[in-house]
Each structure stands twice: as C-alpha cells, then as structure tokens.
Amino acid sequence: MRIVKYLEQVLNDLTEFNNPKILDIGCGSGVPTLWLAEKYIGTITAIDTDKHLLGFLEHKIQRKKTSSKIETKNVSFFDLVTASECYDLILAEGFLNVVGFEMGFKRVIEKIKIGGYFIIHDEYKDHDSKIAIIDKNNCKIVNSLYLDETIWWRDFYGQLENEINKPENTHLRNLFINEIKEIDQYKKNPSLFKSIYYVVLKY
Ligand SMILES: C[S@@+](CC[C@H](N)C(=O)[O-])C[C@H]1O[C@@H](n2cnc3c(N)ncnc32)[C@H](O)[C@@H]1O
C-alpha cells in the first residue's frame, strides 16, 4: 500500500534495532522505503524489477538528500547477490502475492538473521495455510493487522480518485494508469481488496 500509517502501526511494537540492515523487496516507487529511512538509523537496500518505478524512488531520494542511507538496485530478488551477512529487517509489501507465498517466504527468510523480522503485506487469502507455512519454517507471527476493503477505499483508492477527477489534475491520468485500472476493479468487486500485515520473527 502506498500509505504508511498501517506499516507504522505494525512496526511500533518492535524492539529498537541498533543500526539495522534493511531490505525492501519490490519497493516500487518507494513510499515505505523513504519512511523506513526516516525511522531507522541504518542502511536500506531497495530492490525492484521495474526500472521505471525505481526511477521515481531515485528521484525522491535525491530531492530528500537521503541517498547515503538508501541503495537502489534494479534486480530481481531471486538474482540478488548479497554478502553472507543477512538482514535485520526485510519488508515485502505486495511481493509474495506476485511470486507465490510459500516459495517466496522460504527464499526470503534465508536472508534474515536469527532474531530478525520479516514484514509481509499480502492479500488476505489462504490465511490458515500461510500461518502453517510460517510456523514450519522456524518463524512465528508476533503481530498482524487486517485491512478490509473499506480501509482501502477510504485511505487509498477513494482519495486517489478524487484527486484524479479534479479538472486541474488531468495530467495525473497518465501517471496512475495501473491505479485507475485497480479503481475499476475495486468498483466491480470490492471484496477482493482485503489485505493483511504479518510481522514475522525468525527464531
Ligand atoms: C504490488 S507492488 C508493491 C510496490 C510497493 N512495495 C508498494 O507497496 O507500494 C509489487 C512490486 O514488486 C515488484 N516485483 C515483482 N517481482 C519482483 C522480483 N522478483 N524482485 C523484485 N521486485 C519484484 C514489482 O515490480 C512491483 O513494483
């Protein structure tokens, strides 16, 4: 989700990290990435296969002068070469539902330190089987937050539609082509727009 108040809510209960090493997988245009950079004194690697979206993030990083903290990489997570050292915190908003939960989960937790966290924002679907996958991989859910379809409309799609429909904002229609399609899908079937944050501890 491109607003961060719910991410903020789930992260608030975590113990403070000392200079955490953070990976944001499928960062897109990086709204959560920039928020993480402001919240934590540490380093962030932000990766996405979409060069165009990553370009938006790079532009914002330059404007905010946070470039020393955030490294962007136009690479697939599955091709990411890292040193043997793992991450303290990995964020994946909307990544596991693209690549498949079980396979994606197993590959991501290999790159998290014991005692580190994996924050997943996922479609709300197959909840029980996902919990079982998390349990059987030496991980446990320490927090979760369910967002129903009314939240998605109130905090995201409804606001975006209002902005796009303003006569002075017609140029936004070209920038938000995918989101306009999502708004149409939402209107046809709002119940598909339910999501959940899982805060997972690797032990
Ligand atoms: C639903 S979007 C979420 C974007 C952003 N995290 C947000 O919440 O606004 C999923 C992102 O995952 C990226 N992605 C898909 N497969 C990927 C892969 N194998 N490695 C890295 N990024 C990937 C897509 O390009 C897309 O930007």
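The questions and answers below concern a predicted model.

Residues are numbered from 1 along each chain as its sequence is written. In this predicted model, local features need pLDDT of at least 70 and side-chain atom pairs count only at pLDDT 80 or more, while totals for chains, interfaces and linings use all residues.

User: In what order do the 7 strands of the open sheet stand?
Analyst: Helices (H or I, at least four residues) and strands (E, at least two) are DSSP runs, numbered from the N terminus. Two strands pair if DSSP finds at least two bridges between them. The pairing in this open sheet is mixed, and the order is E3-E2-E1-E4-E5-E7-E6.

User: Which strands stand at the edges?
Analyst: An edge strand here has a single partner strand, so one side of it is left without a neighbour in the sheet. The twist averages 15 degrees from one strand to the next, with axes as lines fitted to C-alpha atoms and angles running from 0 to 180 degrees between N-to-C directions. The strands at the edges are E3 and E6 (139-147).

User: Which residue of E3 is the bridge partner of Ile47?
Analyst: E2 and E3 pair in the parallel sense over 4 bridges. Ile44 has Ile70 as its bridge partner in E3. For Ile47 the partner is Lys73.

User: How many bridges join E6 to E7?
Analyst: E7 also pairs with E5 in the antiparallel sense over 7 bridges, and there Ile119 stands opposite Val199. E6 and E7 run antiparallel, and the number of bridges joining them is 8.

User: Is Lys125 buried or partly exposed?
Analyst: Lys125 lies in the loop between E5 and H6. Its C-alpha atom is separated by 14 Å from that of Pro190, 65 residues apart along the chain. Because Lys125 has 13 C-beta neighbours inside 10 Å, its class is partly exposed.

User: Which residues have the most contacts inside the largest nonpolar core?
Analyst: A nonpolar core is a set of buried Ala, Val, Leu, Ile, Met, Phe, Trp, Tyr and Cys residues joined through C-beta atoms within 7 Å. The largest has 34 residues, and among the elements that each supply at least two are E1 (21-25), E4 (87-93) and E5 (112-123). Those with the most contacts are Ile25, Ile90, Ala92, Phe118 and Ile120.

User: Which residues come nearest to the ligand?
Analyst: A residue is near a molecule if its C-beta atom, placed from the backbone, lies within 6 Å of it. Helix H2 (31-39) and helix H4 (96-99) each supply at least two residues of the shell around the ligand. Of the 21 residues around the ligand, the nearest are Gly26, Gly28, Asp50, Glu93 and Gly94.

Note on methods. A residue is buried if 20 or more other C-beta atoms lie within 10 Å of its own, exposed if 12 or fewer, and partly exposed in between; C-beta atoms are placed from the backbone.
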